[in-house]
Amino acid sequence: MLAALSGFRRSAPAARLAAAASVSGIVAAGVLSGAGTAVAAGAPQTQGGATATINGLKTYGAAVIHEVGGDQRVEAGLFEMSVDGGGTLQTYCIDLHSPTQRDALYQETPWSSTSLGTDKNAGKIRWILQNSYPQVNNLAALARKAGTGNLTEQDAAAGTQVAIWRYSDGAKADAVDPQAEKLADYLQKSARDLAEPQASLTLDPPAVSGRSGTLLGPVTVHTNAAGVAVSPPADAATTGVRIVDKTGKTVTTAKDGSRLYFAVPKDSAYGTAQLTVQASTTVPVGRALASDSRSQPQILAGSSESTVSATAGATWAAEGAIPAVSARKNCAEGAVDIIAANRGDKPFRFELMGAEHTIPAGATRTVTVPLQEDQAYDFTVTGPNGFSQRFTGVLDCRIQGAITTRQAKNHNEPRPATVGGGTAVPDTNLAATGGSAVTPLIAGAAIGLVVIGGAVLVILRKREQPGD
């Protein structure tokens, strides 16, 4: 059963805004050097699994966060997301000081691409999710186990979120309602380490390459669905490329562990193709969801039957370098890893961030590109025969700093999402689930500009006086 959503956002510190400002120049440089002499870049690679739009808090109570800047009352509970293609997800947030952008697009992602990848308590957060609301929707039974007394859905959601924040953010958080606070204490003390859940659907690797006239792959299906539908390349009718098993038989369905291949005609000198797999399944509890719009990271608490999908690409040629390139966020290193394979008979050379890299024939290399936290990136790797692969995103690997405002209004409506991963102007009316302490800074800056402007006028007037 799905439980309503509620979650919490916190105010972004001034230091984060300053960092974002200093990063912008670096981001632009990364785009230029990463692109090199790229020809028409294809669509950016994405993670497989569920893609969903956040709708906001749906079931929530109140909590108080105690920090150096003072106490802040916030909304705490379950968020709801609408899955592309059909379905609904319920999530809790795992970075309470980051804002939530209204209508932000989220992608199911591995823990290693979020703050959970370096969080020793990530497994305990998953235990909390599996042993509380909405996974445990018998509130009377949950209340008896936790010794809380009567629990409402709002109490259960607030208590669960508070317990998660104590682990995900190390927050000194208390639920306002006594029953919700008792639940939070019970969950925190009872939590045990659990392993990261399996992805709902991914393809590994997401890119392959090889010679014309051969089977390119394998691409292995990883899913919790009973089966997946396999779609051939959109231009299969003209290119003759088929999706097959290792015997060369055309494949239209697959399951977990299935190995897929691209069968490329021998008379095709060079080219590229893409296969898509899709399924309907429930997304496993504990899966992370991240957004490239810098919207607050989430962790899955409940899922209806939802549409999930994944893609993989292939590149082929008759001779020369034949690259296959993919990327993944590496939060342990604060970087993006570019995985480049070369199945050709000549070295594959490309430039990235001002450095040249060479992949020998038949080899695979990982190029680690260090980035600053919250840095947007846009890399395009190019190669022979018009090969072009683009990678975009935002490195969001760490939870943000402590709350610095003394009090925020208890209002949890998300902010509008921005285009291209930019940061929207914060709004102090938003509580810890998406608020900010920036307006006073903006006002102060405005006053400073007025003062500077006045001083300039005084100087100019003095210069205009005769004899000066």
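1. Arginine 287 is buried, at 5% relative accessibility. Buried means under 20% relative accessible area, exposed means over 50%, and partly exposed lies in between (1.4 Å probe, protein chains only). The model is predicted: local features need pLDDT of at least 70, side-chain atom pairs count only at pLDDT 80 or more, and totals for chains, interfaces and linings use all residues. Residues are numbered from 1 along each chain as its sequence is written, and side-chain values use heavy atoms, with hydrogens and water left out.

2. Arginine 287 forms a salt bridge with glutamate 108, at 2.8 Å from N to O. A salt bridge here is a side-chain nitrogen of Lys or Arg within 4 Å of a carboxyl oxygen of Asp or Glu. Glutamate 108 sits in strand 5 (residues 105-109) and arginine 287 in the loop between strand 14 (270-281) and strand 15 (288-290), so the pair ties together parts 179 residues apart in sequence. Helices (H or I, at least four residues) and strands (E, at least two) are DSSP runs, numbered from the N terminus. Glutamate 108 and arginine 287 are both buried.

3. Which glutamate meets arginine 287 in a salt bridge of 3.6 Å, N to O? That partner is glutamate 196. Glutamate 196 lies in the loop between helix 5 and strand 7 (201-204), and the pair links parts of the chain 91 residues apart. Glutamate 196 is partly exposed, at 35% relative accessibility.

4. By the rule above, the count is nine salt bridges. In general, side chains of opposite charge can pair when their charged atoms come close. Another pair is arginine 166 with glutamate 181, whose closest N and O atoms are 3.0 Å apart. Arginine 166 belongs to helix 4 (residues 153-168) and glutamate 181 to helix 5 (residues 178-190), so this pair ties together parts 15 residues apart in sequence. Arginine 166 is buried at 12% relative accessibility. Glutamate 181 is buried too, at 17%. A network of salt bridges links Arg166, Asp174, Glu181 and Asp185.

5. Next, strand 1. Of its 17 residues (51-67), twelve are buried, so strand 1 is largely enclosed by the rest of the structure. Strand 1 pairs with strand 2 (residues 70-83) in the antiparallel sense, over 14 bridges. Two strands pair if DSSP finds at least two bridges between them. Strands 1 and 2 form a hairpin with two residues between them. In that pairing, isoleucine 54 has methionine 81 of strand 2 as its bridge partner.

6. Three bridges join strand 1 to strand 5. There, threonine 53 stands opposite leucine 105. Three bridges also join strand 1 to strand 6 (residues 173-175). In strand 6, alanine 175 is the bridge partner of alanine 63.

7. The order is 18-19-22, with antiparallel pairing. Strand 18 (323-330) and strand 22 (364-370) stand at the edges with a single partner strand each, so one side of each is left without a neighbour in the sheet. Neighbouring strands of this sheet are turned by 20° against each other on average, direction ignored. Axes are lines fitted to C-alpha atoms, for helices over the stretch in contact, and angles run from 0 to 180 degrees between N-to-C directions. Strand 18 pairs with strand 19 (residues 335-342) over eight bridges. Alanine 324 stands opposite alanine 341 in strand 19.

8. How many disulfides does the count come to? The count is one disulfide, defined as a pair of cysteine sulfur atoms within 2.5 Å. In general, a disulfide is a covalent bond between the sulfur atoms of two cysteines. Here cysteine 331 is joined to cysteine 397, at 2.1 Å from S to S. The torsion about the S-S bond is about -75°, so the disulfide is left-handed. Cysteine 331 lies in the loop between strand 18 and strand 19, and cysteine 397 in the loop between strand 24 (388-394) and strand 25 (415-416), 66 residues apart. Cysteine 331 is buried, with a relative accessible area of 9%. Cysteine 397 is buried at 4%.

9. Last, serine 113. Serine 113 sits in the loop between strand 5 and helix 2 (122-130). Is serine 113 buried or exposed? Serine 113 counts as buried, at 4% relative accessibility. Leaving aside neighbours within four places in sequence, serine 113 is in contact (heavy atoms within 4.5 Å) with Gln47, Lys329, Cys331 and Asp396. Cys331 is also one of the two disulfide cysteines.
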